[in-house]
Amino acid sequence: MKLVVEGVSKEYVGNNGEPVVALKGISLEVPEGEFVCILGPSGCGKTTLLRIIAGLERPTEGRVLVDGEEVDGPTPRLGMIFQDYSLFPWRRVIDNISFGLELAGVEKADRAATAREYLDLVGLGGFASAYPYELSGGMRQRVAVARALATNPAVVLMDEPFGALDAQTRNAMQREILEIWEKTRKTVLFVTHSVDEAVFLADRIVVLTARPGRIREVATFSEPRPRNRTSDGCAALRRYVLGLIDEGQGGA
Amino acid sequence: MREGFGKLWNGGGARNLRWAVLPILFLVAWEIAAILIDNPFILPRIESVASVLATPFASILGTGSLVHNASVSLQRVLVGFLVGAALAIPLGIAMGRWEFVEELVNPLVQIFRPVPPLAWVPLALAWFRIGLGSMVFIIALGAFFPVLLNTLDGVRSVKRTWIEAAMTLGARERQLLVRVILPGALPTIWTGLRVAFGIAWMCVVAAEMMPGTSSGLGYLILYSYNFSQVQVIVAGMIVIGLIGLGIDFCLRQVESRWFRWRELER
Ligand SMILES: Nc1ncnc2c1ncn2[C@@H]1O[C@H](COP(=O)(O)OP(=O)(O)OP(=O)(O)O)[C@@H](O)[C@H]1O
Ligand SMILES: [Mg+2]
């Protein structure tokens, strides 16, 4: 399973009728099982790129291939975790997680077993029959992760899933997502605007420039996990990436 | 003195009974006025109305009992209401989901919506003759618009992220409609159903005053008027009010049980 992004550009029509270029010539290859972070300033087109890969939006130019097959619409092979909360508020946690299985026509008993498994995986075993409004922000995103994984997608796309969480919860969630990734070995594309988060998580960091988003550089990081945020390797990479971002914005 | 009143008003047991203050005052004022006016054809005494209400199974002026007429009215309103809602909900969902349907249907909706259901009475009689058909038509018409507009509103309030999340989980259009859009819109649709039932209930009473009717609470009221039985008229009005209140209460119970997520969603 391999994900290929080929020369993707996206142009919107702004509300004054002038074209807004959100992305320009993005090309990227992600081999199976890799954890890739996409890093860039606010408004540079990270969400747009992820939505194009997910098939929720069509690129103006270029295309996205999964295993050599062009993506032309949303598919359960590409799981997505959204920037804002996307759980169905009228469904219990367990029924949120089994939603995708329900759509696929999986038997009720199998559905329940699989949903349970993923519920346990994200550490919410005791909340099966709670409603989303009874959960904290961090717990909700964990349910969203479980829901996206339950249909066994080839690639998981995450759009700043921890952006709205406090620093402590955020760090805990980062450790957890790595544990889950190590267990499931999915290909992950993880959007963030936190350099720290990218350095802690990624095998590769794709740094985008400010609007229009282009690839500034792709940094590979092979430091073994679990990483120590304060190690020399992490510190050096953080400095390097921060330098790239400053340059990209015409600073020092 | 003022302090004493405040204490009484806010005191433990009184707090639960506050709602009763105005209705009791109203009844007292009614009784006093009835005694002063001293004319049962203008305002009957409470006792005479109460004695009608106390014998709900007794036949009134040969038109059947209160209970009989109320159940006839209820059946009519139920049929008309269901017909109206069954047409309005699918149409509202289609209008909310597909822009071309809205563009197509909206002008017609805007034109017919301000026409009161009762303005249709002559046409209803011409098309369906006297009887259940014409009444159902009028009641359904009264229920149709509030359900339609609330359904449309509800579908529009469905978050795009819910729809997109469902799509990435593999939902097709039909599954989106049934499993995301309908449940997401349901609380608002329910509000529409409640409003619609209130209107349908008013319509049924009015429709029963149409010529040729021979049963129902509306008929009972009109018939009693011809015999100057004002205490029956008032008793009929009270029954109409209580039934409307009771049904709204039931619909509200369902709302607070099933659709709590709408208020609690952050
Ligand atoms: N539907 C749209 N119509 C017009 N312009 C859009 C649309 N969607 C996004 N844009 C524009 O495209 C650019 C990129 O937006 P995008 O949401 O992808 O940024 P982002 O990197 O995810 O930002 P953030 O970090 O704040 O989430 C922005 O300038 C935005 O205004
Ligand atoms: Mg974004």
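Predicted model: local features only at pLDDT ≥ 70, side-chain atom pairs only at ≥ 80, totals over all residues.
Colleague: Which residues come nearest to ligand 1, and which helix gives the largest share of the shell?

Modeller: Of the 13 residues around ligand 1 (one heavy atom within 4 Å), those that come nearest are A:Ser42, A:Lys46, A:Thr47, A:Thr48 and A:Arg211. Helix α1 of chain A, residues 46-54, gives the largest share, three residues; helices (H or I, at least four residues) and strands (E, at least two) are DSSP runs, numbered from the N terminus.

Colleague: What makes the approach of A:Ser42 to ligand 1 a polar contact?

Modeller: A polar side-chain atom of A:Ser42 lies 2.6 Å from an oxygen atom of the ligand, and the rule asks for a pair of N or O atoms within 3.5 Å, so the pair qualifies. (Within protein, one atom must also be able to donate a hydrogen and the other to accept it, and residues adjacent in sequence count only if both atoms are side-chain atoms.) The side chain of A:Gln83, at 3.2 Å from a ligand oxygen, and that of A:Glu160, at 3.1 Å, can be set against that limit too.

Colleague: Why is the pair A:Glu102 and B:Arg179 called a salt bridge?

Modeller: Their side chains meet at 2.5 Å, N to O, and the term requires a side-chain nitrogen of Lys or Arg within 4 Å of a carboxyl oxygen of Asp or Glu, so the name applies. The count between chain A and chain B is two salt bridges, and the rule also finds five residue pairs in polar contact across this interface.

Colleague: How many residues of chain A are in contact with chain B, and what do the two chains bury between them?

Modeller: In chain A, 26 residues are in contact (heavy atoms within 4.5 Å) with 22 residues of chain B. The chains bury about 2200 Å², 62% of it on carbon and sulfur atoms, buried area being the accessible area (1.4 Å probe) that two parts lose on being put together, summed over both. On the side of chain A, A:Trp90, A:Leu103 and A:Tyr133 lose the most area to chain B, together 33% of what that side buries.

Colleague: What does the salt bridge of A:Arg229 with A:Asp196 tie together?

Modeller: The closest N and O atoms of this pair are 3.9 Å apart. A:Arg229 lies in the loop between β10 and α8 of chain A and A:Asp196 in helix α7 (residues 195-201), so the bridge ties together parts that are 33 residues apart in sequence.

Colleague: What makes the bond between A:Arg211 and A:Pro212 worth noting?

Modeller: Most peptide bonds are trans. A:Arg211 and A:Pro212, however, are joined by a cis peptide bond with omega of about -5°, and A:Pro212 has its place in the loop between β9 (204-208) and β10 (215-220) of chain A. A cis peptide bond also joins A:Arg225 and A:Pro226, with omega of about -5°.

Technical notes. Residues numbered from 1 in each chain as written. Chains lettered and ligands numbered in written order. Heavy atoms only, no water.
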